[in-house]
Each structure stands twice: as C-alpha cells, then as structure tokens.
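Reader: Hey, I've just opened this one up and I'm new to it. Can you walk me through what's there?

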Amino acid sequence: VVHDSPATLLYQSDAFLLPSRFEGMPISCLEAIGCSKPLLLSDIPSLKRFQTDCTFYCLPDDPESLAQSMRGFISNKSAIKEKAKITMPIEFLKYSIEESAKKYLFQYESLLNQST
C-alpha cells in the first residue's frame, strides 16, 4: 500500500521494524530515528551503525530471534519509548548535512594527502 505520508505512520507507531537480509544505507532507518522511534533490526553489518540503547537486533531469517527481540521491546515498551525520545535526536545528528559534509571533507583531505 502506498501512503502519502510515511512519517505519519512512523509517528503513530511504537517502534520501527526492519527484518532484512541485506541493506545498504536504509533511509527508512534514518526516518525512524528522526521520528525518535526505537529500532528492531536484523543483525547484519550495515545495520550495526544504528546501535543505541533503543535498538534491538534479531538474526536474519530467524522468526524466533525476531519474536525474542519483539518481546524484549514489549516487556519494557514505555521506558524504551521515553529513552528513544532523548537518544534518537542525538543519534540523528550523526547524519545531519553538517556532519556528512565533515566526513566527506575529511575523506577528500585524506585522499589528497596520500597522493602527495
């Protein structure tokens, strides 16, 4: 189903769930972080960058591991949601335009220094 405002759905949700086998840089995780939502993610290398006190991981292709992660979240849902309201805005700053620009500049400077 196509939705006109995915952010509306995120704001209405208790958490963001991404049980995936492969990911690059999922914009959906950044959107969830921007909405201050706890994350339930697959334990794959590309999603490890989103590890916080409000992130739960499950093994890919393992429904029992996913259920266990969901139970972990549900067992303390109110406290985790409150913590996410504090943690996720700070986490989101890592992906701001300013921070991204600093990382690109550092990378370019490193490459230029190697070539001289």
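Reader: Let's start with Lys 85. Is Lys 85 buried or exposed?
Author: Lys 85 counts as exposed, with 51% relative accessibility. Keep in mind that this is a predicted model.

Reader: And which residue does Lys 85 form a salt bridge with?
Author: Its partner is Glu 82, and the closest N and O atoms are 3.0 Å apart. Glu 82 has a relative accessible area of 44%, so that residue is partly exposed.

Reader: How far apart are Lys 85 and Glu 82 in helix α4?
Author: They are 3 residues apart in α4, which covers residues 77-93, and that puts about one helical turn between them. An α-helix has 3.6 residues a turn, so residues three or four places apart point the same way.

Reader: How many salt bridges does the structure hold?
Author: There are 9 salt bridges. Another of them joins Glu 64 and Arg 71, with the closest N and O atoms 2.7 Å apart. Glu 64 is partly exposed at 48% relative accessibility, and Arg 71 is partly exposed too, at 46%.

Reader: Switching topic: what is the overall layout, how many helices and strands?
Author: The protein has 5 helices and 3 strands. Reading from the N terminus, the order is α-β-α-β-β-α-α-α. The C-alpha atoms fill a box of roughly 55 × 30 × 30 Å along the principal axes.

Reader: What share of the residues counts as buried?
Author: Of the 116 residues, 31% count as buried.

Reader: Now the inside. Which residues touch the most other members in the largest nonpolar core?
Author: That core has 21 residues, and the ones touching the most other members are Phe 16, Cys 29, Leu 39, Leu 41, Leu 47 and Phe 50. Two or more residues come from each of β1 (16-18), α2 (27-34), β2 (39-42), β3 (55-58) and α4. The largest share, 4 residues, is from α2. In soluble globular proteins, nonpolar side chains tend to be buried together.

Reader: Pick Leu 39. What does Leu 39 touch?
Author: Leaving out residues up to four places away in sequence, Leu 39 touches Phe 16, Ala 32, Ile 33, Phe 50, Cys 54, Thr 55, Phe 56 and Met 88.

Reader: Back to α2 then. Which residues are buried in α2?
Author: Cys 29, Leu 30, Ala 32 and Ile 33 are buried there. Looking down the axis of α2, its buried residues fall within an arc of 160°, so they line one face of the helix.

Reader: What covers the buried residues of α2?
Author: The cover includes α1 (6-12), β1, β2 and α4. And just after α2, Ser 36 takes a positive phi of about 60°.

Reader: What about the surface, which residues form a nonpolar patch?
Author: Leu 17, Met 70 and Ile 74 form one, with about 260 Å² of accessible area together. Ile 74 belongs to helix α3 (residues 63-74), and its 54% relative accessibility makes Ile 74 count as exposed.

Reader: Last one: where does Pro 19 lie?
Author: Pro 19 is in the loop between β1 and α2. At 47% relative accessibility, Pro 19 counts as partly exposed.

Reader: Which residues is Pro 19 in contact with, leaving aside neighbours within four places in sequence?
Author: Ser 42 and Leu 66.

Notes
Residues are numbered from 1 along each chain as its sequence is written. This is a predicted model: local features need pLDDT of at least 70, side-chain atom pairs count only at pLDDT 80 or more; totals for chains, interfaces and linings use all residues. Side-chain values use heavy atoms; hydrogens and water are left out. A salt bridge is a side-chain nitrogen of Lys or Arg within 4 Å of a carboxyl oxygen of Asp or Glu. Buried means under 20% relative accessible area, exposed over 50%, partly exposed in between (1.4 Å probe, protein chains only). Patches are made of residues with over 30% relative accessible area and no salt bridge: like charges are joined within 9 Å, nonpolar side chains (Val, Leu, Ile, Met, Phe, Trp, Tyr) within 5 Å. Accessible areas come from the Shrake-Rupley method with a 1.4 Å probe; for residues, only the protein chains shown count as cover. A nonpolar core is a set of buried Ala, Val, Leu, Ile, Met, Phe, Trp, Tyr and Cys residues joined through side-chain atoms within 4.5 Å. Contact means heavy atoms within 4.5 Å. The arc is that of the directions from the helix axis to the C-beta atoms.
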